[in-house]
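Work each one through before you read its solution.

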Amino acid sequence: MEDLLVRPLLAVVRFALWLAWDMCLHTIPWWIGWPICRVVAFGRFPHAGWNEYEESGFGEALIVCGVGLATLFGLTAWLYSGFR
């Protein structure tokens with residue numbers, strides 16, 4: 001009987017963890033890094049569109065998401081330093 005309750009709960013928790021991972025390390029950094037890369041590269045990079053993370057290559061996604069994460073961390077550090 002416990003197995004009937006535990007398995008669906010574990011499935012929900014696993015889905016929530018996957019969703020958090022995907023949003024925090026793929027989607028949000030892509031949305032932040034994409035316009036920054038477009039401006040810096042004068043519209044030539046990235047080749048994939050705004051919502052085309054899945055169609056981008058590994059290197060392209062790595063650079064854009066890296067720029068997005070660096071921007072997010074830098075902005076967070078800057079805001080944190082203002083509250084000290």
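Predicted model: local features only at pLDDT ≥ 70, side-chain atom pairs only at ≥ 80, totals over all residues.

Residues are numbered from 1 along each chain as its sequence is written, and side-chain values use heavy atoms, with hydrogens and water left out.

**Exercise 1.** Compare the span of helix H2 with the expected one, and list the buried residues of H2.

*Solution.* Start with the limits: H2 covers residues 58–82, which is 25 residues. Helices here are DSSP runs of H or I with at least four residues, numbered from the N terminus. Next, take the expected span, 1.5 Å times one less than the number of residues. For H2 the expected value is 36 Å, and the helix reaches 36 Å from its first C-alpha to its last, close to that expectation. Finally, apply the burial rule (buried is under 20% relative accessible area, exposed over 50%, partly exposed in between; 1.4 Å probe, protein chains only). The buried residues of H2 are Glu60, Ala61, Val64, Cys65 and Gly68.

**Exercise 2.** Find out how many aromatic pairs there are, and describe the one formed by Trp30 and Tyr53.

*Solution.* Rings of Phe, Tyr and Trp (its six-membered ring) pair if their centres lie within 6.5 Å; planes under 30 degrees apart count as stacked, over 60 as edge-to-face and the rest as tilted. By this rule the count is 3 aromatic pairs. Trp30 and Tyr53 are edge-to-face, with 5.4 Å centre to centre and 75 degrees between the planes. Because Trp30 lies in helix H1 (residues 2–40) and Tyr53 in the loop between H1 and H2, the pair ties together parts 23 residues apart in sequence. Trp30 counts as buried, at 1% relative accessibility, while Tyr53, at 22%, counts as partly exposed.

**Exercise 3.** Do likewise for Trp34 and Trp50.

*Solution.* The geometry is edge-to-face: 5.4 Å centre to centre and 85 degrees between the planes. Trp34 lies in H1 and Trp50 in the loop between H1 and H2, so this pair ties together parts 16 residues apart in sequence. Trp34 is buried at 14% relative accessibility; Trp50 is partly exposed at 37%.

Key:
Helix = DSSP H or I, 4+ residues; strand = E, 2+ residues; numbered from the N terminus.
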